[in-house]
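Thanks for coming. Please take a look at the structure on the screen. I'll walk you through it briefly.

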Amino acid sequence: MSDPTKQFFADLAARGHVPLLKSSSGTLRFDLAGGGRTAHWYVTIEKGDVSVSHDTAEADCVVRSGKELFDRMAAGTANATSAALRGLVATEGDLRLIIQFQRLFPGPPRTCADRGEAGYARRPT
Amino acid sequence: MSDDLVKILEGNTFVVSDERGDIEASLTDPTGLFSFDTRFLSKWVLTVDGQRLNALSTDDLQYFETRFFLVPGTGTVYIDAKLSVIRQRAVGDGFHEELTLLNHDETAVDLEVRVEAASDFADLFEVKDALQKKGAYYSRVEEDRLVLGYERETFSRETWIAATSPCKVDESGLTFRVHIEPHGEWTTDLHVVTANAAWGETRDRPKYERHAKAARPNLEYGLEKWLDDAPKLQSDWEWLKMIYTRSLVDLAALRFAPMTSGGRSLPAAGLPWFMTMFGRDSIFTSLQALPFTPELAATTLRELGERQGSRCDDFRDEDPGRILHEMRYGEMTAFEERPHSPYFGSVDATPLYVVLLDEYERWTGDAKLVRELEYEARAALAWIDDYADLMGDGYIWYQRRNEKTGLENQCWKDSWDSISYHDGTLPGFPRATCELQGYAYDAKMRGARMARLIWKDPAFADKLEKQAADLKRRFNRDFWVEEGGYFAIARDTDGRKVDALSSNIGHLLWSGIVDKSKAKSLARHLMSSRLYSGWGVHTLAEGEGRYNPIGYHVGTVWPFDNSIAAWGLRRYGFKEEAARIAAGILDAANFFAGRLPEAFGGYPRAITKYPVQYPTSCSPQAWSTGTPLLLLRTMLGLEPIGEHLVVDPALPQGIGRLELLDIPGRWGRVDAFGRGRVDVDKKPRARQQLGVLGYEKRARNRARKS
């Protein structure tokens with residue numbers, strides 16, 4: 001799919017339960033601006049059970065960023081924390097939710113991981 | 001950092017100034033107003049009629065508040081000032097400064113009071129490494145406010161400066177025209193605000209203002225409750241009370257509440273430069289302080305758990321399950337010129353996380369937290385096997401994947417030359433240092449206990465115990481230096497032993513990985529003249545190629561390291577040896593007025609007579625602050641067994657009586673008492689030292705007899 005953001009949220013919705021978020025509850029609203037419009041995504045977490053929608057709801061944490069940046073975070077090529085420190089991601093409300101949530105973004109695409117490169121575990125043969 | 005600098009702080013906001021309260025920093029000079037790892041003021045200079053002021057005295061009211069008493073003119077022997085100046089400063093979201101001028105003359109005066117302000121917005125890393133800025137500065141006057149700013153692309157930081165009295169604001173400061181009647185006074189409030197420190201929210205006032213006592217509940221009043229909640233100590237060695245109180249007060253100052261913790265605190269690593277979350281330091285300090293302030297451990301576990309690694313990221317040396325090393329908020333982190341967002345490059349924090357969780361439950365009975373953090377603990381245990389075994393041989397190894405800005409040595413001895421062979425040569429990477437294997441063993445054993453008793457997963461418990469037993473068997477074979485009778489500091493990639501004798505063997509005793517039959521030899525080494533200076537065990541043994549009594553990790557004595565060694569010696573039944581370690585370190589603490597430095601020289605006590613401080617930038621240092629606390633535990637032999645606290649005291653020579661009252665835990669509150677020997681060589685009016693005199697006396701007697 002050419003839209004990493006859409007793909008990211010679709011994958012998240014498909015997972016249903018995310019153990020990483022098991023101690024989180026609340027609703028995040030993502031306002032992603034791009035192409036002259038702002039898309040709203042709502043992620044509701046109930047002790048790790050996750051649902052995704054575009055419906056208007058009361059949000060505990062609002063996250064604003066550019067759509068293009070979010071695409072890169074969803075693809076693992078941009079890091080949410082350093083982007084926030086650069087002023088590219090604005091947050092409002094329960095910071096704990098977004099600190100938990102950003103851990104769902106993938107790491108940078110790698111090619112070396114499974115080839116026993118330096119710094120990666122070797123599997124016993 | 002020189003000691004005549006005045007430091008005050010709250011959270012990660014702190015001010016370092018000279019004794020007049022002035023700041024005049026060059027890029028590499030560590031003075032200024034800092035917040036979230038950025039310098040918000042590099043210049044803050046007060047003049048009266050163009051003259052600098054002169055300090056009469058400085059009064060540290062609290063760790064977040066200071067008062068400076070000043071007079072005009074440069075320092076001379078005799079000062080006959082008709083004017084005095086008082087600056088009272090409280091830190092919090094910037095700082096609030098109450099500026100007061102008193103006219104002692106019989107005639108009225110007209111004065112020009114000026115505050116010069118500027119900021120270089122340096123990142124802490126830039127201060128450390130003298131790097132040049134890449135962005136642009138601006139400063140502008142907005143109504144009655146001076147705005148100092150810095151911008152680089154979308155990154156911006158601003159300092160807002162304003163006063164409550166009429167003044168002329170220009171782009172480099174504030175000027176007041178002041179008229180003071182005979183014996184009158186003039187006063188104003190200066191507000192310096194770190195307007196946008198890290199996450200984009202803007203504030204326009206500092207946290208504390210004049211007389212706003214109600215607005216400062218968290219630290220000042222918190223301190224009283226903090227001291228009140230801690231166990232009470234009584235001892236006939238009177239300095240122990242002073243050392244104990246110093247530790248508690250310093251630990252209070254080191255409390256750091258992350259923005260997500262709901263106001264709960266964990267121990268930061270050091271003051272002021274390391275007022276941030278550190279995996280290793282926060283965990284070790286929480287362990288040391290468990291019998292005294294168990295809530296620190298709970299917050300450490302929760303906050304580190306919430307930031308546990310979730311993906312592979314080479315730049316940050318992150319893996320799923322890994323516990324972070326260090327978090328930073330400055331410009332270089334923002335632009336990924338440094339990996340601290342957060343950085344995960346430590347290899348011990350992850351097993352130690354599991355160790356702390358188990359130890360915390362054993363003390364507090366808080367099984368709920370162990371259930372809450374089951375996922376995190378399992379992920380940490382899985383990381384040991386899945387990500388840390390770089391050679392596929394069942395040991396924990398480390399090798400940074402971030403070759404440019406990552407840490408080379410990811411164990412606590414993290415300087416470049418800390419891990420060496422006997423002949424002084426350095427092994428290549430990856431490296432498997434010995435204490436890591438001990439931590440992994442302990443994590444598996446403790447993980448098994450939690451799995452069996454709390455997670456109700458006996459199969460997982462069995463698996464962990466089997467792995468642990470196997471690790472112990474192999475370790476005792478593969479790391480043991482037969483001819484020396486000790487464990488090598490590390491193993492290299494060829495399977496060779498990195499055969500230097502080091503203080504790491506103390507950590508091995510603590511972890512429990514050591515075969516009983518080998519423990520005695522380790523205890524003997526720890527107390528030998530090659531490792532024990534009389535003050536403490538030094539990091540590397542005398543006679544090793546790289547030994548240097550003032551080498552950071554190759555010969556100095558680290559109080560924290562010693563507290564772990566004492567704990568390890570107790571674990572294997574070496575009570576007297578543990579007591580001697582406690583004696584030396586506590587006696588050293590007495591020389592440092594109760595505040596142990598990060599490290600001090602490894603020179604033999606018989607030669608130097610006093611412990612030689614190693615120059616270090618942070619004081620207090622968290623795990624040095626925690627050291628006396630852990631030593632109290634080891635001297636009293638406190639050990640939670642089931643629902644009870646077992647007390648098995650072994651006091652060093654010089655302490656006749658030691659009482660610790662109201663020790664909190666799953667038992668409610670209990671008291672512990674210890675009685676010991678006091679037959680030290682005490683000359684009239686001489687300071688009663690711990691341990692060493694009696695020890696030397698015995699040695700002398702033995703020498704005389706033979």
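Along the sequence, chain A runs α-β-β-β-β-α-α-β-α. That gives four helices and five strands. Helices (H or I, at least four residues) and strands (E, at least two) are DSSP runs, numbered from the N terminus.

Some ground rules. This is a predicted model, where local features need pLDDT of at least 70, side-chain atom pairs count only at pLDDT 80 or more, and totals for chains, interfaces and linings use all residues. Residues are numbered from 1 along each chain as its sequence is written, while chains are lettered from A and ligands numbered from 1 in the order in which they are written.

Chain A's C-alpha trace spans about 55 × 35 × 30 Å along its principal axes. Of its 125 residues, 34% are buried. Buried means 20 or more other C-beta atoms within 10 Å of the residue's own, with C-beta atoms placed from the backbone.

Now helix α2 of chain A, residues 67-75. Which residues in it are buried? Leu69(A), Phe70(A), Asp71(A), Met73(A) and Ala74(A). Their cover includes α1, β1, β4 and α3 of chain A. Just past α2(A), Gly76(A) has a positive phi of about 90°.

On to the interface. Here 31 residues of chain A are in contact with 35 of chain B. Contact means C-beta atoms, placed from the backbone, within 7 Å. On the chain A side, α3, β5 and α4 each supply at least two residues.

Last, chain B. Helix α10 covers residues 434-453. Of its 20 residues, 17 are buried.

Terms used: The expected span of a helix is 1.5 Å times one less than its number of residues. A residue is buried if 20 or more other C-beta atoms lie within 10 Å of its own, exposed if 12 or fewer, and partly exposed in between; C-beta atoms are placed from the backbone. Two residues are in contact if their C-beta atoms, placed from the backbone, lie within 7 Å.
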